[in-house]
Amino acid sequence: MADINIVQEHHLAPEQARAAAQQVADKLAEQFELACRWDGDVLRFERSGVNGALTLLPNQAQLSIELGFPISMMASQIEAKVAEKMKKLFVA
């Protein structure tokens with residue numbers, strides 16, 4: 001099992017940060033057929049072989065993803081794409 005952990009600093013208002021997080025989740029859901037749901041300030045997503053959460057904190061978004069085998073074979077590519085997307089979306 002592979003883990004991906006990304007921390008992205010931001011200076012967005014809470015509503016803007018939530019919208020950015022939703023865009024990241026929508027992209028992940030589209031690519032990996034994930035089910036997503038908000039639990040307070042935590043956006044949880046899952047499917048068979050993928051489990052994760054995007055947590056919104058003041059000035060920071062923390063993404064944690066657990067990948068099962070065989071998706072873990074693509075962990076480095078997934079991490080690079082998601083980190084790039086988060087960097088773009090969480091800029092004010």
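Tutor: Let's start with what covers the buried residues of α1: the cover includes β2 (35-39), β3 (42-47), β4 (50-57) and α2. Contact here means heavy atoms within 4.5 Å, and buried means under 20% relative accessible area, with exposed over 50% and partly exposed in between (1.4 Å probe, protein chains only). Before going on, note that this is a predicted model, where local features need pLDDT of at least 70 and side-chain atom pairs count only at pLDDT 80 or more, while totals for chains, interfaces and linings use all residues. Residues are numbered from 1 along each chain as its sequence is written, and side-chain values use heavy atoms, with hydrogens and water left out.

Now the helix itself. α1 runs over residues 14-32, 19 residues in all, and reaches 26 Å from its first C-alpha to its last, close to the 27 Å expected at 1.5 Å a residue; that expected span is 1.5 Å times one less than the number of residues. Helices (H or I, at least four residues) and strands (E, at least two) are DSSP runs, numbered from the N terminus. The buried residues of α1 are A17, A20, A21, V24, A25, L28, A29 and F32. An α-helix has 3.6 residues a turn, so residues three or four places apart point the same way. Just after α1, E33 takes a positive phi of about 55 degrees.

Stepping back, the protein chain has 2 helices and 5 strands, and from the N terminus on they run β-α-β-β-β-β-α. Buried residues make up 40% of the 92 residues. Among contacts between residues at least 6 apart in sequence, 51% join residues at least 24 apart.

The structure holds 2 of them. D39 pairs with R44, the closest N and O atoms being 3.3 Å apart. D39 counts as partly exposed because its relative accessibility is 41%, and R44 is partly exposed too, at 32%. The other salt bridge joins E84 to K88, with the closest N and O atoms 3.4 Å apart. Both of these residues lie in helix α2, 4 residues apart, about one turn of the helix. E84 is partly exposed, with a relative accessible area of 46%, whereas K88 is exposed, at 59%.

Note on methods:
Salt bridge = Lys/Arg side-chain N within 4 Å of Asp/Glu carboxyl O.
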